[in-house]
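Please look over the structure below with this briefing beside it.

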Amino acid sequence: MHPRQIYLYDDDRVEAVNMSGQLYGNSDIGRTKVNALSLMVKNYSNYYETLEMMERCTSTSSATDIMICGFDNMEARRTFYYVWKNHVLHKPEGERANCLFIDGR
């Protein structure tokens with residue numbers, strides 16, 4: 001699978017407390033999480049098509065056919081799923097089988 005673009009949403013910055021349960025390193029402290037993750041993606045996969053959205057995902061955020069949720073907050077996960085589901089329900093029924101939602105939690 002080689003997506004055209006990967007959209008990253010997060011309005012937070014990397015702090016030392018994030019390092020124990022997430023893949024951030026010392027050099028990421030102070031960076032925006034979307035920037036640190038974008039650099040990680042480029043480093044591990046040589047993939048350069050990331051869009052960094054330093055904002056929260058809201059009910060008015062854009063959706064795509066395939067969305068991967070990595071939020072650690074139930075409300076954020078619910079909103080992200082709602083945005084995807086609404087997107088899928090507005091597609092022709094024959095195209096819905098190509099849509100996928102993955103919750104990484």
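Patches are made of residues with over 30% relative accessible area and no salt bridge, where like charges are joined within 9 Å and nonpolar side chains (Val, Leu, Ile, Met, Phe, Trp, Tyr) within 5 Å. The accessible areas themselves come from the Shrake-Rupley method with a 1.4 Å probe, and for residues only the protein chains shown count as cover. This is a predicted model, in which local features need pLDDT of at least 70 and side-chain atom pairs count only at pLDDT 80 or more, while totals for chains, interfaces and linings use all residues. Residues are numbered from 1 along each chain as its sequence is written, and side-chain values use heavy atoms, with hydrogens and water left out.

**Surface patch**

- Ile-66, Ile-68, Leu-100 and Ile-102 make a nonpolar surface patch of about 320 Å².
- Two elements give two or more residues to this patch, namely strand 3 and strand 4 (100–103); helices (H or I, at least four residues) and strands (E, at least two) are DSSP runs, numbered from the N terminus.
- Ile-102, which lies in strand 4, counts as partly exposed because its relative accessibility is 35%; buried means under 20% relative accessible area, exposed means over 50%, and partly exposed lies in between (1.4 Å probe, protein chains only).

**Interior**

- Which residues make up the largest nonpolar core? The core has eleven residues in all, and they are Tyr-9, Cys-57, Met-67, Cys-69, Phe-71, Phe-80, Val-83, Trp-84, Val-88, Cys-99 and Phe-101.
- The elements that contribute two or more residues to this core are strand 3 (66–69) and helix 2 (74–89), and helix 2 provides the largest share, four residues.
- A nonpolar core is here a set of buried Ala, Val, Leu, Ile, Met, Phe, Trp, Tyr and Cys residues joined through side-chain atoms within 4.5 Å.
- In soluble globular proteins, nonpolar side chains tend to be buried together.
- Leaving aside residues up to four places away in sequence, Phe-80 touches Cys-57, Met-67, Ile-68, Cys-69, Phe-71 and Phe-101, where contact means heavy atoms within 4.5 Å.
- Ser-38 has its place in helix 1 (residues 33–45) and counts as buried because its relative accessibility is 1%.
- When residues up to four places away in sequence are not counted, Ser-38 touches Leu-8, Thr-50 and Glu-52.

**Salt bridges**

- A salt bridge is a side-chain nitrogen of Lys or Arg within 4 Å of a carboxyl oxygen of Asp or Glu, and by this rule the count comes to seven salt bridges.
- Side chains of opposite charge can pair when their charged atoms come close.
- Asp-11 forms a salt bridge with Arg-56, and their closest N and O atoms are 3.2 Å apart.
- Asp-11 lies in the loop between strand 1 (6–9) and helix 1, whereas Arg-56 lies in the loop between strand 2 (50–53) and strand 3, so the pair ties together parts that are 45 residues apart in sequence.
- Asp-11 counts as partly exposed, at 35% relative accessibility, whereas Arg-56 is exposed, with a relative accessible area of 59%.
- Lys-33 forms a salt bridge with Asp-12, with the closest N and O atoms 3.4 Å apart; this pair links distant parts of the chain, since Lys-33 is in helix 1 and Asp-12 is in the loop between strand 1 and helix 1, 21 residues apart.
- Lys-33 counts as buried at 9% relative accessibility, while Asp-12 counts as partly exposed at 31%.
- Lys-91 and Asp-65 meet through their side chains in a salt bridge (3.3 Å, N to O).
- Lys-91 is in the loop between helix 2 and strand 4 and Asp-65 in the loop between strand 2 and strand 3, 26 residues apart.
- Salt bridges that share partners join Asp-65, Lys-91 and Glu-95 into one network.

**Aromatic rings**

- Rings of Phe, Tyr and Trp (its six-membered ring) pair if their centres lie within 6.5 Å, and planes under 30 degrees apart count as stacked, over 60 as edge-to-face and the rest as tilted; by this rule the count comes to five aromatic pairs.
- Phe-80 and Phe-101 have ring centres 6.0 Å apart and planes at 55°, so this pair is tilted.
- Phe-80 is in helix 2 and Phe-101 in strand 4, 21 residues apart, and both are buried.
- Trp-84 and Phe-101 also form a tilted aromatic pair, at 5.4 Å centre to centre and 45° between the planes.
- Phe-71, Phe-80, Tyr-81, Trp-84 and Phe-101 form one aromatic cluster.
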